[in-house]
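Thanks for coming. I will talk through side-chain packing, and the structure goes up now.

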Amino acid sequence: MERKITSISRIGDAISVIFNDGESAVLTKFGKTIYTQTSPGVLKKTLSEFKKDIVKFDWDVEKLRALWI
């Protein structure tokens, strides 16, 4: 089964991502970069394109949902 994003939500200054297999990630602004916390089954490199879109759309959750879900 291919991993897909099923939920993107804003939690304070962070973005929470839930995948169809129950795994998750939280991305937070950290200076000029993005700090990423993932559940054990998610590799951080899996989120590289998503992180580029976070920067591109300036952390706009609605635009990210339209693009990724």
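Predicted model: local features only at pLDDT ≥ 70, side-chain atom pairs only at ≥ 80, totals over all residues.

Residues are numbered from 1 along each chain as its sequence is written, and side-chain values use heavy atoms, with hydrogens and water left out.

The core first. A nonpolar core here is a set of buried Ala, Val, Leu, Ile, Met, Phe, Trp, Tyr and Cys residues joined through side-chain atoms within 4.5 Å. Buried is under 20% relative accessible area, exposed over 50%, partly exposed in between, with a 1.4 Å probe and protein chains only. The largest core has 15 residues, and I8, I15, V17, F50 and I54 touch the most other members. At least two residues come from each of β1 (5-11), β2 (14-19), β3 (24-30), α1 (48-56) and α2 (61-68); β2 gives the most, three. Helices (H or I, at least four residues) and strands (E, at least two) are DSSP runs, numbered from the N terminus.

Now the rings. Phe, Tyr and Trp rings (for Trp, the six-membered one) pair if their centres lie within 6.5 Å; planes under 30 degrees apart are stacked, over 60 edge-to-face, the rest tilted. There are two aromatic pairs. F30 and Y35 are tilted, because their planes are at 50 degrees, with centres 6.3 Å apart. F50 and W68 have centres 5.4 Å apart and planes at 75 degrees, so that pair is edge-to-face. F50 is in α1 and W68 in α2, 18 residues apart. F50 is buried at 1% relative accessibility, while W68 is partly exposed at 31%.
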